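Please examine the sequence and the structure shown below. The paragraphs that follow lead through selected features, residue by residue and then core by core.

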Amino acid sequence: MEDTVTAAIRRYEQRRNCRFRFDALLSDMDGVLYDSMKYHAAAWAATMQGEGIECTSDEFYMHEGRTGKATINIYYRRDKGRDADDEETARIYAEKARRFVAFGKADLMPGAQKLMLHIKEAGVKTVLVTGSGQRSLLDKIEADYPGIFTPETMVTAFDVKKGKPDAEPYLMGLKKGGVASNNAAVLENAPLGVEAGVAAGIFTIAVNTGPLPDAALVEAGADLVFPDMASLYRQIDKIITYNR
């Protein structure tokens, strides 16, 4: 009987009519590399409440991965019946960023450094694909994950016109990694990010580091769901060595 990981890869191969090989990892940042989503969610909620918009912090986990502009417009359309203009968007996002920075340093996600180093040492390329434009986190990547990512292998909110759940961020990640969709895996923690990875035709792994149920990630299309980085680390060699 096949183990869960191998069975998931074979289902992906059958669905895509392809041969999978793990040559590149396309990794999200918030909620994957950093335990930062709780701060993003709280900052978004406080900022939007300051705009007179009723919301809770937990609901922003469902918007994780969207660009700031897209997130703002969801609430503006819902409560104000229109998109935010450029001045409003800039002001709101600046306030959200200020509130986020005020929380202080975001901790590294437990087990993420060990996982990324192991993947890199196995010869797998690593590409960062984030909807964030938060300079405070982007500037920390090299210090916290030395040698794992480079500016040339990062896709951020500054690089795309359409954020997650659109496939564009991960399609760009494939291009920067120089690999085909069946030669990569996505690592995500959010439903919209999972949807983006699936839309790009990539084998998509979810690690549930937030308050949402596993079912939200499964329904988004995740090929595998793990409860934490340590659980993924224990299985990662099955993915690394598949078809090698």
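Ala216 belongs to helix α10, which covers residues 214-220. The model is a predicted one, and in it Ala216 has a relative accessible area of 16%. Because buried means under 20% relative accessible area, Ala216 counts as buried. Between Ala216 and Leu192 there are 24 residues in sequence, and their C-alpha atoms are 9.8 Å apart in space.

Attention may now turn to the nonpolar interior. In soluble globular proteins, nonpolar side chains tend to be buried together. Here the largest nonpolar core has 40 residues. Those with the most contacts inside this core are Phe22, Leu33, Phe149, Leu187, Phe203, Ile205 and Ile239. Several helices and strands contribute: at least two residues each come from α1, α2 (37-50), α5 (112-121), β4 (184-188), β5 (203-207), β6 (224-226) and α11. Helix α11 gives the most, supplying five residues.

Ile205 illustrates how such a residue is surrounded. Leaving aside residues up to four places away in sequence, Ile205 touches Ala185, Val186, Leu187 and Glu188, and also Leu224, Phe226, Leu232 and Ile239.

A pair of aromatic rings is described by the distance of the centres and the angle of the planes. The count of aromatic pairs comes to nine. One of them joins Tyr12 and Phe20, with 6.0 Å from centre to centre and 85 degrees between the planes. Because planes over 60 degrees apart count as edge-to-face, the pair of Tyr12 and Phe20 is edge-to-face. Tyr12 is buried, at a relative accessible area of 0%, and Phe20 is buried with a value of 0% as well.

Phe20 also pairs with Tyr242, in a tilted arrangement with centres 6.2 Å apart and 55 degrees between the planes. This pair links distant parts of the chain, with its partners 222 residues apart. Phe20 lies in the loop between α1 (4-16) and β1 (24-27), whereas Tyr242 lies in the segment after α11 (229-240). Tyr242 is buried too, with 9% relative accessibility. Through ring pairs, Tyr12, Phe20, Phe203 and Tyr242 are linked into a cluster.

Two lysines are placed over aromatic rings. Lys80 lies over the face of Tyr76, 5.2 Å from the ring centre. The charged end of Lys96 is positioned over the ring of Phe100, at 5.3 Å from its centre.

Notes: Residues are numbered from 1 along each chain as its sequence is written. This is a predicted model: local features need pLDDT of at least 70, side-chain atom pairs count only at pLDDT 80 or more; totals for chains, interfaces and linings use all residues. Side-chain values use heavy atoms; hydrogens and water are left out. Rings of Phe, Tyr and Trp (its six-membered ring) pair if their centres lie within 6.5 Å; planes under 30 degrees apart count as stacked, over 60 as edge-to-face and the rest as tilted. Buried means under 20% relative accessible area, exposed over 50%, partly exposed in between (1.4 Å probe, protein chains only). Helices (H or I, at least four residues) and strands (E, at least two) are DSSP runs, numbered from the N terminus. A charge sits over a ring if NZ of Lys or CZ of Arg is within 6 Å of the ring centre and within 35 degrees of the ring normal. A nonpolar core is a set of buried Ala, Val, Leu, Ile, Met, Phe, Trp, Tyr and Cys residues joined through side-chain atoms within 4.5 Å. Contact means heavy atoms within 4.5 Å.
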